[in-house]
Amino acid sequence: MAVATPSASYATLPPTVDGQPLPSLAPMLEKVTPAVVNISTKTRVQVRNPFFDDPVFRQFFGMQGAPRSRVEQSLGSGVIADAAKGYILTNNHVVGGADDITVTLQDGRDFKGKLVGTDPDTDVAVVQIQASNLQALPTADSSKLRVGDFVVAVGDPFGLGQTVTSGIVSALSRSGLGGTGFQNFIQTDASINPGNSGGALVNLRGELVGINTMIISPSGGNVGIGFAIPTNLAGEVMQQLVAHGKVNRGNLGLETQDITPRIAKVLGLKDNNGAVVTRVTTGSAADSADIQTGDVITAVDGKPVRNAQDLRNAEGLLPIGSTVKLTVQRSGATREVTAKLVPEKLATVDGAKLDARLAGVTFSELTQNLRSQGLGGVSVGAVQSGSRAARAGLQANDIVIGINNLRIPDLRTLQQLTGVNPRQLVLVVSNDEGVRYVEIR
């Protein structure tokens, strides 16, 4: 007895339903996916162990050749933004600090990536490869996105290989999500997972609208709350990274804080919206615009300022030379002033002038961005290779918050404490990995 086998057509979706073709993202994705790449990195991390630092211990236990470093590997994604020059947009946290970067294209070709520049404050980085037959993604104006627009995320989650997920724009202009950067995220429910970082968020026309960057999840996996950096912001940062290797931000020269109900009552305000000015730097753009302590800034270029974070974002996301219009309340009256963002001037000092043990180190005041977050200390600008400080483990971008267990709020205090030439020189240092002690001999 013959058994009928089902036709192969039953295993696929019908091409039409009621005479209408079924919608599919496949034609659009065929043009998008070649522009999304996998990025793998290797970072050599020094292993700090007091036993390794003791030559007697190493000789006694035969540890002369013991490894003093380990290699950390990570995976992420990137988007080809300029095919002719091989520029790839990705996240700072994907490639920042990496010693080796490998870029893998969809067609399987591997290339060594060159780090053009990174911007930790916006989590944007640019990598360059030398390759032919690259395909870049067209870029859309991310300011035209609306909540409810359909979007598609493309990346390499968990190292599985290129993966596509879809969803909608859940919210716009998200900020206040923790961290120290400037935030203006697109929120989406398109599935974003570890490894998607640096990948593409595209609209239904296959145009890049965002660079996937982070998720909020108690489990570490996708729960429908992911965030992407808008292309308008990422594009501006990329231009500066390509031109200068870093981002030069403008500065108003003022510090602010949120308005509490008590402050609102004292200032005679109707609500808690805005940012109250707590300090104005002499000679700054804010000083030239006649902004004073106690003024309340309620809008920047017509966009409402709800709190100090909103003002910091608006200031930090605009390039140097931008002219901004500030709406200011003072003594019950509202007025508008203009101010031009100028480079922030930070006092610096050569470590050799403080103490011979600090030769090869440059210290500077903290940026306004860091001070506005309540941080105190002194920034380490550069550490010369082979110097005493470098051998002790001091690194560029560290923040020195203390010396010999005495607090250092600013550069002047550092100068005073090192000026007495202490017998021991132990710095209390903070960075993204935490607080540690650095003894410089």
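Buried, in these notes, means under 20% relative accessible area, exposed means over 50%, and partly exposed is in between (1.4 Å probe, protein chains only).

I'm working on a predicted model, where local features need pLDDT of at least 70, side-chain atom pairs count only at pLDDT 80 or more, and totals for chains, interfaces and linings use all residues. I number residues from 1 along each chain as its sequence is written, and side-chain values use heavy atoms, with hydrogens and water left out.

**Overall.** I looked up the secondary structure and got ten helices and 30 strands; these are DSSP runs (H or I, at least four residues, for helices; E, at least two, for strands), numbered from the N terminus. Of the protein's 441 residues, 43% come out buried. For contacts (heavy atoms within 4.5 Å), I took pairs at least 6 apart in sequence, and 59% of them join residues at least 24 apart.

**Helix H7.** I went to residues 308-316 next and found eight of the nine buried, so I'm calling H7 mostly covered. My list of buried ones reads Ala-308, Gln-309, Asp-310, Leu-311, Arg-312, Asn-313, Glu-315 and Gly-316. At the N-terminal end, Asn-307 is the cap, with a side-chain oxygen 2.9 Å from the backbone nitrogen of Asp-310; a polar contact is a pair of N or O atoms within 3.5 Å, and within protein one must be able to donate a hydrogen and the other to accept it, while residues adjacent in sequence count only if both atoms are side-chain atoms.

**Gly-108.** I found Gly-108 in the loop between strand S6 (100-104) and strand S7 (110-112). Gly-108 counts as partly exposed because its relative accessibility is 47%. I also checked Asn-38: it sits 70 residues from Gly-108 in sequence, with 9.8 Å between the C-alpha atoms.
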